[in-house]
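Please look at the sequence and the structure shown below before reading on. A short report on a few of its residues then follows.

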Amino acid sequence: MIRLCQSESAFTIQQYYDALQSQGIACLIRNQFISGAAGDLPIQDTQPELWLMHKDDLVIAKKVLEEITASSEDGEWVCSSCNEPQEPAFNLCWQCQQPRNSA
Ligand SMILES: [Zn+2]
């Protein structure tokens, strides 16, 4: 097995996982359900991780992830702090200055 990526967001990891599965790439999620214990553990041990079953899939898997990332950057986003919809061009919330993608 080989680790593909790590994210603060279990949602992001799940999205990647679903996309890889739909491409027939065998993978699994680690640390998916332990975020509730985040206060007691080093942060690198608590973030969800996506692992590939076969390292030969690494190149194609990275391409799948790049496509997801690229397509999600095209659209509007919603501030995680005040839930205001944001224009795609902005990286800070116009209302409360919360950075984009911050949890
Ligand atoms: Zn905001």
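## The model

This is a predicted model, in which local features need pLDDT of at least 70 and side-chain atom pairs count only at pLDDT 80 or more, while totals for chains, interfaces and linings use all residues. Residues are numbered from 1 along each chain as its sequence is written.

## Leu92 and its surroundings

Leu92 is found in the segment that comes after strand S5 (85–86), where strands (E, at least two residues) and helices (H or I, at least four) are DSSP runs numbered from the N terminus. Leu92 counts as partly exposed because 13 C-beta neighbours lie inside 10 Å; a residue is buried with 20 or more other C-beta atoms within 10 Å of its own, exposed with 12 or fewer, and partly exposed in between, the C-beta atoms being placed from the backbone.

Leaving aside residues up to four places away in sequence, Leu92 touches Gln97, Pro99 and Arg100, contact meaning that the C-beta atoms of two residues, placed from the backbone, lie within 7 Å. From C-alpha to C-alpha, Leu92 and Cys79 are 8.4 Å apart in space, and they are 13 residues apart in sequence.

Asn83 is found in the loop between strand S4 (77–78) and S5. Although Asn83 is not a glycine, it has a positive phi of about 65 degrees, and it is exposed, with 10 other C-beta atoms within 10 Å.

Gln97, which lies in the segment after S5, has a positive phi of about 65 degrees and is not a glycine. Gln97 counts as exposed because it has 10 C-beta neighbours inside 10 Å.
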